[in-house]
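Let's take a walk through a protein model, one piece at a time. Keep the structure open beside you and find each part as we get to it.

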Amino acid sequence: MTSYFDSLETRDAETRAADLAQRLPEQIAQAKAKAPAIAEMLSHVAAGDVTHRAALAELPVIRKTALGAAQKAHPPFGGFATHAVAGFEHVFQSPGPIYEPGRTSPDWWRLGRFLHAAGFGRGDIVQNCFSYHMTPAGMIFENGARAVGATVFPAGTGQTELQARAAADLGVTGYAGTPDYLKSILDKADALGLPLKIEKAAVSGGALFPSLRQEYADRGIACLQCYATADLGNIAYESPAMEGMIVDEGVLVEIVRPGTGDPVPDGEVGEVVVTTLNPDYPLIRFATGDLSAVMPGESPCGRTNMRIRGWMGRADQTAKIKGMFVRPEQVAELVARHPEVARARITVTRAEERDVLDVQIETDAQSSADYEQSVADVLKLRGRVALVGVGTLPNDGKVIDDRRDYG
């Protein structure tokens with residue numbers, strides 16, 4: 001018998017719509033009263049009129065670029081949060097930079113629902129390999145693990161041999177982190193002859209390729225993924241049915257035509273736009289830049305909320321590589337650092353179930369070592385640097401070429 005996190009997951013459509021009709025105008029009213037940027041954006045909107053999806057679709061979309069610009073003008077949150085920075089227990093910095101608030105209140109990012117669906121609970125020891133440094137991913141998953149009663153080993157990233165030894169010594173039963181890094185820990189444990197007890201994995205921050213999920217399954221590890229962001233928390237998650245991703249009960253998801261705020265018909269691929277019902281950080285119609293599509297029907301697991309097909313690429317050229325977003329603006333910064341560089345292009349592929357980053361630089365210079373540190377500084381990642389002649393790269397406007405197979 002399927003176990004649910006709470007009764008919200010199995011509501012019928014009428015009950016969910018009635019709840020939305022109450023909570024959505026309350027959220028907009030709260031945002032207009034306490035978040036100056038949203039008050040300005042929605043100055044013409046009567047909160048009481050926005051009680052359903054069609055009315056929500058009439059509101060403007062908030063884009064990451066606008067959020068970043070607002071934060072520069074009015075640091076740190078740009079007028080989008082309902083408290084000053086001292087009113088939060090945490091503040092984080094994501095690449096951009098973009099600043100996000102955080103709280104220690106129970107399940108603030110709503111990861112508990114996903115972890116429960118993935119089988120995590122009391123008695124589990126979770127090795128949390130998301131970063132605790134600056135970005136919120138580590139705290140997001142720790143907060144969710146506490147919501148389901150699991151014990152957390154805050155491992156963070158790197159030091160793979162120590163990670164493998166700790167997993168063996170502590171009897172870790174669950175992994176949380178990017179999809180690729182679990183394989184690194186397992187391979188290191190194999191090399192060291194360490195027996196591990198990991199039987200479940202909750203992953204995010206990168207693509208979970210079918211071959212990698214199967215490799216984990218062959219080891220007896222059930223691996224499920226969620227779709228979450230630093231700004232919004234959990235957006236959607238897999239259940240053991242593994243048919244698409246179920247939208248979280250604390251957000252409202254729209255799929256819109258990229259570059260617009262216009263919803264597309266169900267089944268059509270478009271950009272994911274999310275309205276969160278979090279009163280502390282009430283982002284209204286926040287454009288993620290990710291592509292997905294609505295799936296018909298309900299999940300066989302019995303959860304009744306809308307399903308989406310999961311992450312299907314980016315509405316722009318931004319790519320998530322090794323768990324980090326790389327944006328066209330960063331490629332432009334790389335070029336600007338070196339006057340002798342004409343253009344640059346990033347290519348992303350996969351090898352041995354890991355992301356591979358190649359950077360081609362158009363220049364008459366002779367040594368790639370001159371650029372390797374700049375690549376690491378600007379992209380926050382290391383990659384293979386190749387110098388090519390000026391005029392060699394295709395004249396197609398593309399600066400990030402993602403060649404990974406998501407099928």
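Two strands count as a pair if DSSP finds at least two bridges between them. With that in mind, look at Val274, which stands opposite Phe286 in strand β12. One thing to keep in your head throughout: this is a predicted model.

Strand β11, residues 270–276, pairs with β12 in the antiparallel sense, over 4 bridges. As a bit of background, strands of a sheet pair through backbone hydrogen bonds, either parallel or antiparallel. Which strands make up the whole sheet here, and in what order? There are 3 of them, forming an open sheet in the order β10-β11-β12, with antiparallel pairing. At the edges sit β10 (251–256) and β12 (286–292), each of which pairs on one side only. Going from one strand to the next, the twist averages 30°.

Strand β1 covers residues 90–94 and runs antiparallel to β2, with 5 bridges joining them. Is strand β2 mostly covered or mostly open? Strand β2, residues 98–102, is mostly covered, with 4 of its 5 residues buried.

Time for a helix. Find Gln163, which lies in helix α7, residues 160–170. Why does Gln163 count as buried? Because its relative accessible area is 3%, and buried means under 20%. Who are its partners? If you skip its neighbours within four places in sequence, Gln163 is in contact with Gln127, Cys129, Ala155, Gly156, Thr157, Gly158, Tyr181 and Ile185.

Last stop: a pair of helices. Two packed helices are described by the angle between their axes and the distance between the axes. Helix α10 (residues 328–336) and helix α11 (residues 369–379) have axes that come within 10 Å and cross at roughly 145°. The crossing of α10 and α11 is right-handed. Which residues do the meeting? From α10 come Gln330, Glu333 and Leu334, and they meet Ser374, Val375, Val378 and Leu379 in α11. Sorted by class, the contact of α10 with α11 has 4 nonpolar, 2 polar and 1 charged residues.

Technical notes: Residues are numbered from 1 along each chain as its sequence is written. This is a predicted model: local features need pLDDT of at least 70, side-chain atom pairs count only at pLDDT 80 or more; totals for chains, interfaces and linings use all residues. Side-chain values use heavy atoms; hydrogens and water are left out. Buried means under 20% relative accessible area, exposed over 50%, partly exposed in between (1.4 Å probe, protein chains only). Helices (H or I, at least four residues) and strands (E, at least two) are DSSP runs, numbered from the N terminus. Axes are lines fitted to C-alpha atoms, for helices over the stretch in contact, and angles run from 0 to 180 degrees between N-to-C directions. A crossing is left-handed if the near helix is turned anticlockwise from the far one by less than a right angle, and right-handed if clockwise. Contact means heavy atoms within 4.5 Å. Ala, Val, Leu, Ile, Met, Phe, Trp, Tyr, Cys and Pro count as nonpolar, Asp, Glu, Lys and Arg as charged, and the others, Gly among them, as polar.
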